[in-house]
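Please look over the sequence and the model shown below before reading on.

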Amino acid sequence: MTISWLQASILGIFASLSSMPGMAGSTIGNYTLGRPLVGGLVCGLILGDLKMGIAAGVAMQLVYIALVTPGGTVSADVRAVSYIGIPLAMVAIHSQGLAATSANAADLAKSMGTLVGTVGTVLFYGTATMNLVWQHMGWRAVERGEFRKLYAVDWGYPWISHLIFSFIPTVLMTHFGSSAVQALKTALPMDGIPMKTLFTVGALLPCVGIAILLKQIVDGPVDFIPFFVGFTFAASLKLNLVSVTVVSLIFAMISYKLDMAINTNRQAAPANTGGTVDDEEDEDI
Amino acid sequence: MENTGKKISRKTLNKSFHHWFYGHLTAFSQEHMQTFGYLTSMLPIVEELYDNKEDQEKAMKTYTAFFNTEPQLGSIIVGITASLEEARANDGHVDDATINGLRAGLMGPIAGIGDSLVVGTLIPVILGIALGMSDGGSPLGAIFYIIVWNLLGYFGMRFAYFKGYELGDKAVGILVGAQGKAIRKAIATVGGMVVGGVAATWVTVKTSFTLRNGSGKAYLVLQDKLDSVYPGLLTAAFIVLCWWLMAKKNISPIKVMLILVVVALIGVLTGFFNPGLKY
């Protein structure tokens with residue numbers, strides 16, 4: 001399996017559209033095209049092997065399902081995972097003669113995705129840094145009152161950042177991919193320390209994403225309880241995510257009703273204490 | 001006053017919403033994350049509300065302040081400021097400080113709810129269903145995800161934007177007042193539980209540490225022992241460790257990742273971690 005310049009260019013365009021500051025916007029770009037599952041569909045169509053594309057996408061999506069990028073902190077770059085990692089994995093699986101849906105193919109896809117995704121954070125920071133140039137032009141436009149130029153700053157110029165940090169790297173890496181995959185395999189054998197470390201890091205990184213989420217809802221040990229209840233439902237009772245969500249709703253309802261009942265009680269209290277209660281409520285804001 | 005009774009047209013509100021829907025992160029940089037997306041969504045509104053250039057410039061300057069939140073749920077903040085801008089054009093009671101104070105006050109809470117609700121709960125749940133459908137190489141799951149997420153994303157953001165506009169500064173009371181606090185706490189419960197479920201289902205930290213007796217038979221498989229204490233113990237422990245480093249030790253996420261690289265390297269060298277892969 002080889003990737004032609006034309007196929008590589010189409011992959012390059014998709015890479016520019018996806019990723020966190022991607023040119024398709026975050027809903028369509030980052031959260032749709034950037035998901036490895038969707039990337040697998042797209043790559044499968046472009047490279048002409050839908051089944052293998054999806055299978056590789058599913059394998060990589062499993063690694064990155066809990067990938068969270070709060071406050072612009074990325075642990076892996078989705079454009080690299082989906083539009084460099086998946087095509088390279090497909091080439092590798094093909095050249096090894098593995099069956100598309102076999103466990104070995106999935107492992108190969110995972111390691112390739114982790115490698116490319118982690119290294120790909122360079123692309124993320126590259127794009128974000130280059131956007132500073134366009135933002136600088138934007139500030140000058142604001143100073144001069146030429147507000148219409150902001151559209152070019154927000155929607156136009158970042159394409160240049162993506163040309164350099166999404167399109168070109170994707171085209172080169174996927175086109176020269178098959179030889180690169182071979183070179184990589186010789187340079188970094190799978191049972192060597194670097195690849196073992198990298199894949200272990202890949203397994204540990206989602207912990208950071210989850211922890212960043214927890215940081216926003218957990219302040220002390222007590223706030224960990226919902227997390228561990230959910231964890232226990234899934235890990236010990238083997239409930240799936242939809243079931244966990246449904247069960248959580250009852251707790252949410254109780255919590256809401258209880259808080260509202262407490263509030264109503266406080267409001268019903270004598271007026272002279274009402275003021276201090278309000279002050280207390282405001283402190284969290 | 002000649003300004004009295006100005007109202008933003010539905011067409012302009014739609015334009016403003018679509019500018020936000022599309023462009024909130026396109027010109028992302030670490031310095032000004034969503035600021036330019038915000039400016040482009042407010043521009044049609046400012047242009048419609050103010051006829052002369054000076055007023056337009058004054059209004060636009062308000063939105064040059066740093067802005068970053070969870071963009072999907074954050075649509076509500078853009079909607080609220082649209083309504084406040086309308087109020088400012090009409091009677092001038094609202095000023096820069098009010099609008100920016102409100103934006104700064106809402107960014108944090110909305111990011112907190114949005115990240116745990118949208119990124120931590122909604123997306124993993126839809127992806128989880130979709131993965132099951134795509135098992136075995138079927139495109140069905142991917143298509144399911146594309147359709148369901150985009151419908152929920154687009155109409156959810158639209159709803160949040162127009163709700164914010166409709167409620168105006170009243171939304172602030174709902175979002176950060178007593179009821180808002182109760183809602184946020186309830187949502188945090190759902191978020192916390194589902195994030196726990198996501199962690200247990202999709203994040204797997206496993207040790208390969210094994211002690212063998214003379215004949216090579218394993219008599220201690222650490223992973224099995226840990227799981228018999230509490231299934232997923234090691235995964236949970238790593239998550240709590242990362243949380244503790246970031247929340248209690250104020251270590252940045254990037255540094256935590258570097259620490260994990262070191263942990264992984266040491267783990268691999270000592271045989272604690274072994275992903276067991278081969279080409």
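Over residues 254–273 of chain B, what percentage of the chain is helix, and how far apart are the end C-alpha atoms? In this predicted model, that stretch is 85% helix and 0% strand, with its end C-alpha atoms 22 Å apart. The unreviewed UniProt entry lists residues 254–273 of chain B under "transmembrane region", together with residues 110–130, 142–161, 182–205 and 229–247. Residues 110–130 of chain B are 100% helix and 0% strand, and the end C-alpha atoms of this span lie 27 Å apart.

Chain A holds 14 helices and 0 strands, and of its 285 residues 56% are buried. The chain exposes about 11300 Å², of which carbon and sulfur atoms supply 67%.

Over all chains, the structure holds 28 aromatic pairs, and the table describes two of them.

| Pair | Centre to centre | Angle between planes | Kind |
|---|---|---|---|
| W139(A) and F36(B) | 4.8 Å | 55 degrees | tilted |
| W155(A) and Y22(B) | 6.3 Å | 70 degrees | edge-to-face |

Because W139(A) lies in helix α7 of chain A and F36(B) in helix α2 of chain B, their pair joins two chains; F36(B) is buried, at a relative accessible area of 1%. The pair of W155(A), in helix α8 of chain A, and Y22(B), in helix α1 of chain B, also crosses between chains. W155(A) is partly exposed at 25% relative accessibility, and Y22(B) is partly exposed with a relative accessible area of 25%.

Within chain B, R10(B) lies over the face of F162(B), 4.3 Å from the ring centre, while the charged end of R103(B) sits over the ring of Y38(B), 4.3 Å from its centre.

Terms used
Residues numbered from 1 in each chain as written. Chains lettered and ligands numbered in written order. Predicted model: local features only at pLDDT ≥ 70, side-chain atom pairs only at ≥ 80, totals over all residues. Heavy atoms only, no water. Helix = DSSP H or I, 4+ residues; strand = E, 2+ residues; numbered from the N terminus. Buried < 20%, exposed > 50% of the residue type's maximum accessible area, 1.4 Å probe, protein only. Areas by Shrake-Rupley, 256 points an atom, 1.4 Å probe, with all protein chains shown as cover. UniProt positions renumbered as here; feature names shortened; annotations may be inferred. Phe/Tyr/Trp six-rings, centres within 6.5 Å; stacked < 30°, edge-to-face > 60°. Lys NZ or Arg CZ within 6 Å of the ring centre and 35° of its normal.
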